[in-house]
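Thanks for coming. I will go through one structure today, starting at the surface and then moving inside.

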Amino acid sequence: MSEHLGDIEVDLQNASTSSIPTQQDFLKWVSLACKQQKPNAEVSIRVVEKDESQALNKQYRGKNKPTNVLSFPAEFPEGVDIPFLGDLVICAPVVVNEATEQHKKIEAHWAHMVIHGTLHLLGYDHIEDSEAEEMEAIEAALLQKLGHPCPYTTN
């Protein structure tokens, strides 16, 4: 199912049996992450169970375990300007388990994972410390706009 907010479009596929946020929530979070850099963007989000997340994480990252969010940035030839940023695969049970273990509101953690993944699609990374600090600061500021606490401070 596809939904628009201004010039932001999110295609949401729910392959999970878990309860997930609304399509409007996903759209709001992607839009917030894209607003400054890419006000005209399309993102595909697939919400999955642990087995699908684990298979994709093993295939693409060499890690044989499920993970919260995987980002697959779209790659187009030079000179091709298409608004599609790429795909996010989010594992619903992992997101819910992490929120519970970290004593975070589930909605706040969902928002964080969508924003985090979208920032990856926009080219941000956290491999180097300086990159991680920049990405985490952006995430914290965006989550604060939504009324959620910084995800990197312990309660």
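**From surface to core**

F76 sits in the loop between β4, residues 69-73, and β5, residues 84-91. Bear in mind that what you see is a predicted model.

Now to the inside. In soluble globular proteins, nonpolar side chains tend to be buried together. Here, the largest nonpolar core has 32 residues. Which of them touch the most other members? They are F26, V30, I45, I90, W110 and I115. At least two residues of this core come from each of β2 (8-14), α1 (23-34), β3 (41-48), β5, α3 (92-101), α4 and α5 (129-145). Another core, of six residues, lies apart from it, and includes V48, V89, C91 and V94.

Take W110 from the largest core. Setting aside neighbours within four places in sequence, W110 is in contact with S19, I20, P21, F26, W29, V47, I90, A92, V95 and V96.

Last, H109, which is in helix α4, residues 106-121. H109 has 3% relative accessibility, so it counts as buried. What does the side chain of H109 make a polar contact with? The partner is the side chain of E98, at 2.7 Å. Beyond neighbours within four places in sequence, the contacts of H109 are V95, E98, A99, Q102 and K104.

Terms used:
Residues are numbered from 1 along each chain as its sequence is written. This is a predicted model: local features need pLDDT of at least 70, side-chain atom pairs count only at pLDDT 80 or more; totals for chains, interfaces and linings use all residues. Side-chain values use heavy atoms; hydrogens and water are left out. Helices (H or I, at least four residues) and strands (E, at least two) are DSSP runs, numbered from the N terminus. Buried means under 20% relative accessible area, exposed over 50%, partly exposed in between (1.4 Å probe, protein chains only). A polar contact is a pair of N or O atoms within 3.5 Å; within protein, one must be able to donate a hydrogen and the other to accept it, and residues adjacent in sequence count only if both atoms are side-chain atoms. Contact means heavy atoms within 4.5 Å. A nonpolar core is a set of buried Ala, Val, Leu, Ile, Met, Phe, Trp, Tyr and Cys residues joined through side-chain atoms within 4.5 Å.
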